[in-house]
Amino acid sequence: MTLSSFLVVGPILLVPPLTLGLTYNILGMTQGEKVDLGVLFSGFNRFGDAVVLYIVQSIFTFLWSLLLVVPGIIKAISYSMSTFILAEHPEMSGLEALKESQRITNGRKADLFVLYLSFIPWILLGSVTCGLAMIYVGPYMQATIANFYHEIKNQPMA
C-alpha cells in the first residue's frame, strides 16, 4: 500500500471507529462518568456500523450540497446526532441511526444551527491561540452538543 492510498483509505478506516469511541466518552462524561481513554478504541467493536454511517452520511451530505449550500447544511445538521444515537443504541445499524437522527432533529434544526453558530467565537479564539485554546474549546463544544442530544432524544417532535 502506497502512502497516497493510505492517506485516502486510512481516514475512512480509522476516523469512524475513533469518533464512535470518543462519542462513548463524551456521552459518559455528560452523565457524570469518568473519562476512560481505553473506551476511545471501543468504537472498533462496531467497526462496520461506524464506517457505514460515516460513508453514507458523507455521501448524502455531499449530494444534498450539490443542490445548493443551504440544503447541504440543513441535511448535515439533521444527520449530526447520528453518532450519538449509534453509540447509545448498539442494536441499531448506521443507516438506522442516520434515520433516527433525522427524526429527532425534525423541528429542532434551527436551534441546533444557532448552537453551532455560537461556537464561532470559540473557534476563532482557538485559531488566534494557534490551537492552544482548543484544548478547552474542543471538549466544551462536544459536551454542549451531547447535552443538546440528551435534551432532544426523548422529547416528542416539535
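Colleague: Let's count Ala, Val, Leu, Ile, Met, Phe, Trp, Tyr, Cys and Pro as nonpolar, Asp, Glu, Lys and Arg as charged, and the others, Gly among them, as polar. How do the residues lining the largest pocket divide?

Modeller: This is a predicted model, and in it the lining has 13 nonpolar residues, seven polar and no charged.

Colleague: Which residues lie nearest the centre of that pocket?

Modeller: T19, Q57, S80, T83 and F84 do, out of 20 lining residues. The space in the pocket is about 480 Å³.

Colleague: And which helix gives the most to the lining?

Modeller: That's α1, with seven residues. Helices α1 (3-30), α2 (47-67), α4 (82-88) and α8 (134-152) each supply at least two.

Colleague: Are F84 and Y149 buried or exposed?

Modeller: F84 is buried at 5% relative accessibility, and Y149 is buried at 1%.

Colleague: What about F119 and Y140, how are their rings arranged?

Modeller: Edge-to-face, because their planes are at 85°, with centres 6.2 Å apart. F119 lies in the loop between α6 (109-118) and α7 (120-128), while Y140 is in helix α8. F119 is buried, at 3% relative accessible area, but Y140 is partly exposed, at 32%.

Colleague: Which residues do ring pairs link into a cluster?

Modeller: F119, W122, Y136 and Y140.

How values were computed. Residues are numbered from 1 along each chain as its sequence is written. This is a predicted model: local features need pLDDT of at least 70, side-chain atom pairs count only at pLDDT 80 or more; totals for chains, interfaces and linings use all residues. Side-chain values use heavy atoms; hydrogens and water are left out. On a 1 Å grid over the protein atoms alone, a cavity is a set of points where a 1.4 Å probe fits but cannot get out, and a pocket is an open set with protein on both sides within 12 Å along at least five of seven lines; lining residues have an atom within 4 Å of a point. Grid points are joined across faces, edges and corners, and a volume is the space filled by probe spheres set on the points. Helices (H or I, at least four residues) and strands (E, at least two) are DSSP runs, numbered from the N terminus. Buried means under 20% relative accessible area, exposed over 50%, partly exposed in between (1.4 Å probe, protein chains only). Rings of Phe, Tyr and Trp (its six-membered ring) pair if their centres lie within 6.5 Å; planes under 30 degrees apart count as stacked, over 60 as edge-to-face and the rest as tilted.
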